[in-house]
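Dear colleague,

Please find below the structure that I am handing over to you. A short account of the findings comes after it.

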Amino acid sequence: MTPEEYDYIIVGAGSAGCVLANRLSADPNTKVLLLEAGGRDSNTLFRLPMLMGRLMHSGIYNWKFHTEPEAKLNGRQVFWPRGKVLGGSSTINGMIYVRGNAADYDGWEQMGLPGWSYDKVLPLFKRSESHDDRADAFHGDGGELTVRRARGANAMFDTYLEAGQQAGHPFTDDFNGASQEGFGRYDFTIRRGWRCSAATAFLAPAAKRPNLTIVTRALTQRVLLERTRAVGVEYRKDRALVSARASKEVVLAAGVVGSPHLLMLSGIGDAEHLGEHGINAVAHLPGVGQNVQDHVDCCLVHECREPVSLRENLRIDRMTAGVLQAALFGSGFVTTFPYEAGAFIRSSKSLELPDIQTHFMPATEATANLHWSLPLPGRQRRVGDEHGTTIRIGPVVPKSRGRIALRSGDPTDAPKIHANYLEDARDVDTAVAGVQLMREVMAQPAFARTLGRELEPGPENMSDAQVAKWLVDAAMTTLHPVGSCKMGTDAAAVVDAELRVHGIDKLRVADASIMPVITRGNTNAPTIMIAEKASDLILGAHASETTP
């Protein structure tokens, strides 16, 4: 069978892939193929923000990755949910919109990556964005991605912000504005009460274009190379092996796991590692799969002495009514996310920038899970058994580095994920400092009336050494893995400042895997920005070409 011909082939319809598909197909004379291993985002429940936590762990729309046993976490294998669906992880994530600190991007440029400073990327963030509530120099109003302020009505969010200020921390109205540092409420990618994923925002408007072909449930197996030039891809669809050719470029947007995996399967990576799995190296790039970074965190949990948490709304009868209200009117508590408040703070006054991030929820995981039960007449429960608070706390500039490695040369075998959480002792120190700082916040007068006893780490883990030991069993992922196809100029770099794979023509990587250093905060907004940048680079490189 003659391979299908396109101008561009994009592998992966996650956050980056959806943006690229929209931008590259805007010219009707350009043929674009978008390949996605998952299916379409047809499950309505995923579009309701309050249900995110429960559904993410269901395995639906999910690669269901796990790390290899983590040496510093007592050999635990950590669940790594990554989206396997149109929209990728933006279809299953917490919808928090945080761009990172301006210094993050200035740091990238200082590493020898021109064009990536904050003043260069801010217009890209604004291009994508259509903010419902903010209109200033930091926000856009004409983009595809709807962003809005937090709108949860629970009074405990404001109590948390008040306590943070009582503890001496600043307040910030906008984590994406003039200053990131402080306590505040997050912005969210929610449109009229529903999740605004990358598929909703960018792909749906482009999907009707006749020059954009979207193929779902297509597992890309390798990039087709002629010597050191990418000419297409090979993918499996309905048990058939299909080849497609790209006259201009192949762009990998398969994410922090998928992009390095596909490079290695195609003979691009560390030659010795590839040889161990029977793959001949076309380009020796030892950095492929290295430099993995993620935000690790832990939970500070308290009981409440009064019924002030989200628990009353999380009963199955009220959840059912809330789902109906959200579906019919786009309003109500189901259209909000439980972790609406948070903070970016410094573990030491000697630091210039925040190194800790928190997410605050007026509930505990245990009480939140009770929403599957019905209220029983006559049943008496302590208030503290049903009401509480949770703060997720973690280093926002982790020093530990992990890697993605081949399990075998079989494309259907999931690669090995070595996150190496807490491998660097500095991450332990920062996490412990974060717990102690949040204990100070929760001890402030704002919480005096409502807060009960501490459940985690608990009174038996008060010293720094005790909290550090507790972290071994308590640490978890914040779901922000990046960095496995590092952008740079050194020997460990995989792509250059224009996202071109070193040593291979007509092949780029454009997703969170290219981050040389992780950004301070949630990583979906930066991933969308990276795709905006990539589309400019790609279209600029081919501006003088004509489509046959």
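The notes below cover a helix pair, its salt bridges and one further helix.

This is a predicted model, in which local features need pLDDT of at least 70 and side-chain atom pairs count only at pLDDT 80 or more, while totals for chains, interfaces and linings use all residues. Residues are numbered from 1 along each chain as its sequence is written, and side-chain values use heavy atoms, with hydrogens and water left out.

Helices H4 (residues 118-128) and H14 (residues 524-541) have axes that come within 9 Å and cross at roughly 105 degrees; helices are DSSP runs (H or I, at least four residues) and strands likewise (E, at least two), numbered from the N terminus. Axes are lines fitted to C-alpha atoms, for helices over the stretch in contact, with angles from 0 to 180 degrees between N-to-C directions. H4 and H14 are therefore roughly perpendicular (65 to 115 degrees).

A salt bridge (a side-chain nitrogen of Lys or Arg within 4 Å of a carboxyl oxygen of Asp or Glu) joins Arg-127 and Asp-536 at 2.7 Å, N to O. Arg-127 belongs to H4 and Asp-536 to H14, so this pair ties together parts 409 residues apart in sequence. The structure holds 26 salt bridges.

Arg-392 also forms a salt bridge with Asp-297, at 2.9 Å between the closest N and O atoms. Arg-392 is buried, with a relative accessible area of 17% (buried means under 20%, exposed over 50%, partly exposed in between, with a 1.4 Å probe and protein chains only).

In helix H7 (residues 255-265), 10 of the 11 residues are buried.

Kind regards

Definitions and conventions:
Parallel < 35°, antiparallel > 145°, perpendicular 65-115°, else oblique.
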